[in-house]
Amino acid sequence: MEAHNVIDWRTVPAECEGYIGHYMLGEHYRHNFAVVVDEAVAYAETLKLAGNGKEIWVFDIDETSLSNLPYYAKHGFGATPYNATSFREYVAEGSAPALPETRRLYHRLVELGVKPVFLTGRTEDQRTITVTNLHRQGFSRWEKLLLKPAVHATGELQGSAVEYKSGERQKLQDAGFIIVGNIGDQWSDILGAPEGAPTFKLPDPLYYIG
């Protein structure tokens, strides 16, 4: 999964549920997560900023900044088919805990003068609860919080996650921002020009978004 050698899969195989649960709830997931964030922090501390307030770092939200592990632990660690209704109900609670490693990166970037931008697949109708959840978990400010339109005329979200996120990053670049870093748990968070320089891929064996 993490090598991107299997793509567009729908659920974790049933026989892997126990393995994924053990990985996510044990020490290995957090260790692997921390390794990526440590590299991101080390890179950020080498940046030479222009001081014009245009340097930004793009953060995904789900499984990057906020963890939905409490939800997935009750729904088969990804082995159960995704249920949009129940997941949206969980998001509406605003109870997702922060991933502390990402929060550490976030605070270090703010100290350095890099402005955070949150770019998420969550939709506009979830903006208020997402802001509340982020604030509760110590993400207190950002340059922008970019969410998908709730629905299109057809009643469905259109386009791939890669198209959406790369398009939003292009808008940021066109507005004069410089993307000095980009971090996410899905390949679709970091693929598609302009990706940002560099990109950091976090572990997530729970689901795949293309």
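Two strands are said to pair if DSSP finds at least two bridges between them. Helices (H or I, at least four residues) and strands (E, at least two) are DSSP runs, numbered from the N terminus. In this sense β2 and β3 pair in parallel, over 4 bridges.

The structure is a predicted model, in which local features need pLDDT of at least 70, side-chain atom pairs count only at pLDDT 80 or more, and totals for chains, interfaces and linings use all residues. Residues are numbered from 1 along each chain as its sequence is written, and side-chain values use heavy atoms, with hydrogens and water left out.

## The sheet

An open sheet of 5 strands has the order β3-β2-β1-β4-β5, with parallel pairing. Its edge strands are β3 and β5 (199–201), each of which pairs on one side only. From one strand to the next the twist averages 15°. Axes are lines fitted to C-alpha atoms, for helices over the stretch in contact, and angles run from 0 to 180 degrees between N-to-C directions.

| Strands | Sense | Bridges |
|---|---|---|
| β1 and β2 | parallel | 4 bridges |
| β1 and β4 | parallel | 5 bridges |
| β2 and β3 | parallel | 4 bridges |
| β4 and β5 | parallel | 3 bridges |

Individual residues mark these pairings. Strand β1 covers residues 55–59. Its residue I56 has K115 of β2 as bridge partner, and V58 has V117, also in β2. Towards β4, E55 stands opposite I178. L119 stands opposite L146 in β3, and I183 stands opposite F200 in β5. In a regular strand the side chains alternate between the two faces of the sheet.

Burial is judged by relative accessible area: buried means under 20%, exposed over 50%, and partly exposed in between (1.4 Å probe, protein chains only). In β2, 7 of the 9 residues are buried, so this strand is largely enclosed by the rest of the structure. The count for β4 is 6 of the 7 residues, so β4 is also largely enclosed.

Contact here means heavy atoms within 4.5 Å.

Helix α6 spans residues 127–136, and I129, T130, N133 and L134 in it are buried. Seen down the axis of α6, these buried residues fall within an arc of 135°, so they line one face of the helix. The arc is that of the directions from the helix axis to the C-beta atoms. T128 and R136, on the other side of α6, are exposed. The buried residues of α6 pack against α4 (84–93), β2 (115–123) and β3 (144–148). After α6 comes G138, whose phi is positive, near 90°.

## Aromatic rings

Rings of Phe, Tyr and Trp (its six-membered ring) pair if their centres lie within 6.5 Å; planes under 30 degrees apart count as stacked, over 60 as edge-to-face and the rest as tilted. A search of the whole structure finds 19 aromatic pairs. One of them joins Y71 and F87 edge-to-face, at 5.2 Å centre to centre and with 80° between the planes. Y71 lies in helix α3 (residues 69–73) and F87 in helix α4, so the pair ties together parts that are 16 residues apart in sequence. Y71 and F87 are both buried. Ring pairs also link Y71, Y72, Y82, F87, Y90 and Y207 into a cluster.

A charge can also sit over a ring, which requires NZ of Lys or CZ of Arg within 6 Å of the ring centre and within 35 degrees of the ring normal. The charged end of K54 sits in this way over the ring of F177, 4.7 Å from its centre.

## Two single residues

S65 lies in the loop between β1 and α3. S65 is buried, with a relative accessible area of 0%. Leaving aside neighbours within four places in sequence, S65 is in contact with F59, D60, P97, A98, L99, T102, F118 and F139.

C16 lies in the segment before α1 (17–25). C16 is partly exposed, with a relative accessible area of 26%. C16 and G76 are 60 residues apart in sequence and 9.9 Å apart in space, C-alpha to C-alpha.
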